[in-house]
Amino acid sequence: MRVVIASLAGFLTISMLVVVYFLYHHALNDLINIYFVQNLTSYGKTDQTILMQLWRLLLLVATEVGLHPFVSAFIIFGWLKAIYNRENMILEIVLFLSSLFFVAMQHWVIDYYNIVWLPFLAIALLRIASIRLPESLMRPTVQAQIPLLMTALLLILPMVSNRSALGRLVISNEETAIDGQSYVAQPQFATAMRKNTDSRQQPTMIMINSLDKGFYLSAQALPTNRFWHRLNMSYQQLPQMYDAFANTMRQKQVQFVIIKLNTPPENDATLLKQQINRAIDSHMQQPLFNNYRIDETARNGNNDSYVLMRLKNLE
């Protein structure tokens, strides 16, 4: 029970700061709608039977566990140790399983979603560290190394089997990651935007077809619009987002628009314009090309290219 109370206290401490921030900006309804209602109801709509949907939910839970077998093993071993000590583990196990099902309800498994495991892993490692070793092993040097070992495991274990995240990591002094991904578009576009923006102001922009991948950070800019990058929703799922993008461009509220392409950008301007038209939702095509012109393109990978478009009257 103490573990559960401590976990809830830690979670609520951070959560309340976020809630207060959104309350201050009169945006609590947006927070609830986007991060809970839309995430839980818009993804994975299907005509499958309820039984098949439950089966798919179980499959996603199994996928989560399968991606982190060592983490799972440590957590289960910690439970066994607690049960051996006659601790009541029902509530903690229910919370853990509920977390797994909550992640699976997003209808896919994403790397960072599994951060929800970390509190359970930390508690498991603390339980394992409290095991009394045989006297022959309880030398001062061994005792001194146990906290270091537990800390190292807490840092390393979540990355085990997480090949996709490790493959995207760009090591210092290297230009590309192991999987060939690079991040040249962000600083390239940031330089271009800064060049065409008053030095006393921040560049203003929105991103279409992509979540932000460091463009705002590279440009040292903050979002100024309610919707500043495309969430993973279609027009049918979240029309107000697409309408907001269209109005933002129609009213020229931002200086730049960044569009993600899943294919290498064409060199010919006419072909590139056709490529952009095919890539973006039809509701945004007219306000985009009426008010913005193509500035430059950049590639971070074979399926990860970007087009920077600038307000036509921006010099």
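**Pocket and helices**

Reader: Which helices each supply at least two residues of the second largest pocket's lining?
Author: α1 (2-24) and α2 (28-41). Helices here are DSSP runs of H or I, at least four residues, and strands are E, at least two. This is a predicted model, and local features need pLDDT (confidence, 0 to 100) of at least 70. Residues are numbered from 1 along each chain.

Reader: Which gives the most?
Author: α2, with five residues.

Reader: What volume does that pocket have?
Author: About 640 Å³, as filled by probe spheres on grid points. A pocket is an open set of 1 Å grid points for a 1.4 Å probe, with protein on both sides within 12 Å along at least five of seven lines; lining means an atom within 4 Å of a point.

Reader: Which residues are closest to its centre?
Author: Of 18 lining residues, Phe22, Ala27, Asn225, Arg226 and Trp228.

Reader: Where is confidence lowest?
Author: In helix α8 (residues 163-167), with a mean of 67. Strand β2 (residues 256-261) is highest, at 95. The chain averages 83, and 89% of the residues score at least 70.

Terms used. Predicted model: local features only at pLDDT ≥ 70, side-chain atom pairs only at ≥ 80, totals over all residues. Heavy atoms only, no water.
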